[in-house]
Amino acid sequence: INLAQVPQDSLLLDAFCGSGTVLQEAAILGYKQIYGRDVSEKAVADSQENAKWLLSEIPEIQTDIDIKICDVKNLSQNLKNKIDAIISEPYLGPTLHKELEHHEFEKVKQELEKLYLSAFTEFKKVLNQNGVVVFILPVFQRRRDKVYLDILPRIEKLGFKKIALDSNSRGSITVGNKYDFVLREIVKFKV
């Protein structure tokens with residue numbers, strides 16, 4: 001959320017809200033209008049329960065957290081207001097206990113790239129002018145090499161400008177440890 005660098009009166013969206021961690025953090029940080037969407041009924045129910053718990057435990061938090069079931073591919077049909085910032089850790093692929101075989105890896109990679117490009121197509125429709133996206137991408141460790149999704153140029157072709165978070169060649173921040181099969185790459189874009 002801090003990487004988005006938007007004021008507290010901004011409308012925030014987590015388009016893959018899961019159990020609501022980003023939503024709760026935004027509420028604690030003082031954001032007043034927070035939207036959570038997820039395709040999973042269980043994730044939405046968990047997120048709603050966690051938000052309810054947070055607001056009951058810390059009654060001084062005065063915020064509106066709107067959580068609904070929504071496939072990211074239909075996001076623009078589900079939101080009435082334009083959004084200032086989208087902050088999401090989406091589905092990163094199946095849980096891995098071993099390195100995927102090459103053909104399995106390629107299939108997962110293609111499915112994730114398709115999902116993320118669909119998401120960014122919808123993000124473009126729901127973001128305000130100068131809207132910001134902070135997004136997590138998976139980085140796969142294969143034979144001690146890091147394999148990044150080759151998706152950043154395609155996101156830029158959708159009308160987004162990459163904002164550098166680090167001085168590396170991708171301008172992103174990668175987190176995780178050498179024993180993880182999947183690391184997380186944090187990227188930032190602006191409309």
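**Exercise 1.** Determine which strand gives the largest share of the lining of the largest cavity, and how the lining residues divide by type.

Solution. Step 1: the largest share, three residues, comes from strand 5 (residues 127–142); strands are DSSP runs of E, at least two residues, and helices are runs of H or I, at least four, both numbered from the N terminus. Residues are numbered from 1 along each chain as its sequence is written. The model is predicted, with local features requiring pLDDT of at least 70 and side-chain atom pairs pLDDT 80 or more, while totals for chains, interfaces and linings use all residues, and side-chain values use heavy atoms, leaving out hydrogens and water.

Step 1: the lining consists of L96, E99, L100, F105, F140, Q141, R142 and F181. A cavity is a set of points on a 1 Å grid over the protein atoms alone where a 1.4 Å probe fits but cannot get out, and lining residues have an atom within 4 Å of a point.

Step 2: these residues comprise five nonpolar, one polar and two charged. Here Ala, Val, Leu, Ile, Met, Phe, Trp, Tyr, Cys and Pro count as nonpolar, Asp, Glu, Lys and Arg as charged, and the others, Gly among them, as polar.

**Exercise 2.** State how the rings of F105 and F140 are arranged, and where the two residues lie.

Solution. Step 1: nine aromatic pairs occur in the structure; rings of Phe, Tyr and Trp (its six-membered ring) pair if their centres lie within 6.5 Å, with planes under 30 degrees apart stacked, over 60 edge-to-face and the rest tilted.

Step 1: the ring centres of F105 and F140 are 5.2 Å apart and the planes stand at 85°, so this pair is edge-to-face. F105 belongs to helix 4 (residues 102–126) and F140 to strand 5, so the pair links distant parts of the chain, 35 residues apart.

**Exercise 3.** Describe how F120 and F135 pair, and which ring cluster includes them.

Solution. Step 1: with centres 5.1 Å apart and planes at 75°, the rings of F120 and F135 form an edge-to-face pair.

Step 1: F120 lies in helix 4 and F135 in strand 5, so the pair ties together parts 15 residues apart in sequence.

Step 2: ring pairs join F16, Y116, F120, F123, F135, F160 and F189 into a cluster.

Methods: 1 Å grid on protein atoms, 1.4 Å probe; cavity = no way out; pocket = protein on both sides within 12 Å on 5 of 7 lines; lining within 4 Å.
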